Amino acid sequence: MPAAGQQAGDGNHSVRSFWVTEAGYSYSTTGGCSDHYPSFEVGKLINLGGSFAAGGSAFVGHNGDLLFGPRPRLRYWASDDVAFDFGAGLLFGARRSRPAGLASVTYRDVMSLVVQYERNRDGACGQPIENQVFLGVKIGSRPGVTTALVGTAIAGIMIWYFVSQVEN
């Protein structure tokens with residue numbers, strides 16, 4: 001059974017809004033180089049009635065640079081279990097902002113298959129402008145939060161360990 005707020009069907013008018021939390025990994029399928037892309041996203045969507053919800057999220061990821069930014073989102077439920085999410089926005093943190101877009105198919109707000117587009121105007125791998133398409137998977141809801149917290153703790157321990165080795 002889906003968690004409260006995952007459905008916006010006719011039988012679920014009591015849920016006005018719900019949180020979206022996603023931890024993911026994508027891999028570049030285009031561009032001059034291949035990039036690994038871990039990410040985390042948290043936001044809130046408001047039930048618009050029928051099969052639609054809209055809102056926004058805050059995105060943070062690492063694609064050669066630490067990137068972050070707001071992402072307006074639209075969700076359409078095709079059934080009680082399957083939803084389609086669409087989002088777009090600007091990512092900041094590299095030398096210049098990057099326009100980015102997202103499309104995903106989500107199962108019960110637990111797992112998503114994701115296609116993400118970014119236009120890197122500074123270019124990566126020696127090219128003046130690079131259009132990158134990433135394919136990936138995101139884990140949502142409580143598993144997404146847990147994955148992000150555990151991943152952050154492991155990254156912090158690794159950074160602490162490597163910094164302590166350099167100082168000695």
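Q: Which residues form the nonpolar patch on the surface?
A: Keep in mind that this is a predicted model. The patch is made up of Ile46, Leu48, Phe52, Leu74, Tyr76, Phe84 and Phe86, and together they have about 620 Å² of accessible area. As for where they come from, β2 (36-49), β4 and β5 (82-91) each supply at least two of the residues.

Q: What is the bridge partner of tyrosine 76 in β5?
A: Tyrosine 76 has phenylalanine 84 as its bridge partner there. Both residues are also listed in the nonpolar patch.

Q: How do you know that β4 and β5 pair, and which way do they run?
A: Pairing takes at least two bridges. β4 and β5 are joined by 5 bridges and run antiparallel, so they count as paired by that cut-off. They form a hairpin with 4 residues between them.

Q: What about β5 and β6, how many bridges join them?
A: There are 10 bridges, and these strands run antiparallel. The hairpin of β5 and β6 has 6 residues between the strands, and glycine 93 takes a positive phi near 120 degrees in it.

Q: Why is arginine 71 called buried?
A: Buried means under 20% relative accessible area. Arginine 71 comes out at 3%, so buried it is. The residue belongs to strand β4 (residues 66-77).

Q: What does the side chain of arginine 71 make a polar contact with?
A: With the side chain of glutamate 41, at 3.1 Å. The distance cut-off for a polar contact is 3.5 Å, and 3.1 Å falls within 3.5 Å. Leaving aside neighbours within four places in sequence, arginine 71 is in contact with a list of residues including Gly55, Phe59, Ala100, Gln116 and Lys138.

Q: Which residues are linked with Arg71 in a network of salt bridges?
A: The network links Glu22, Glu41, Arg71, Arg73, Arg75, Asp85, Asp109 and Lys138. The structure holds 10 salt bridges.

Q: What makes aspartate 85 and arginine 75 a salt bridge?
A: The cut-off is 4 Å between a side-chain nitrogen and a carboxyl oxygen, and their closest N and O atoms are 2.7 Å apart. Aspartate 85 lies in β5 and arginine 75 in β4, so the pair ties together parts that are 10 residues apart in sequence. Both residues are buried.

Q: Why is threonine 106 called buried, and where is it?
A: Threonine 106 has a relative accessible area of 2%, so it counts as buried. Its place is strand β6. Its side chain makes a polar contact with the side chain of serine 112 at 2.8 Å.

Q: Are arginine 108 and aspartate 109 buried or partly exposed?
A: Arginine 108, at 25%, is partly exposed. Aspartate 109, at 7%, is buried.

Q: What does arginine 108 form a salt bridge with?
A: With aspartate 81, the closest N and O atoms being 2.9 Å apart. Arginine 108 is in the loop between β6 and β7 and aspartate 81 in the loop between β4 and β5, so the pair ties together parts 27 residues apart in sequence. Aspartate 81, at 24% relative accessibility, counts as partly exposed.

How values were computed:
Residues are numbered from 1 along each chain as its sequence is written. This is a predicted model: local features need pLDDT of at least 70, side-chain atom pairs count only at pLDDT 80 or more; totals for chains, interfaces and linings use all residues. Side-chain values use heavy atoms; hydrogens and water are left out. Buried means under 20% relative accessible area, exposed over 50%, partly exposed in between (1.4 Å probe, protein chains only). A polar contact is a pair of N or O atoms within 3.5 Å; within protein, one must be able to donate a hydrogen and the other to accept it, and residues adjacent in sequence count only if both atoms are side-chain atoms. Contact means heavy atoms within 4.5 Å. Patches are made of residues with over 30% relative accessible area and no salt bridge: like charges are joined within 9 Å, nonpolar side chains (Val, Leu, Ile, Met, Phe, Trp, Tyr) within 5 Å. Accessible areas come from the Shrake-Rupley method with a 1.4 Å probe; for residues, only the protein chains shown count as cover.
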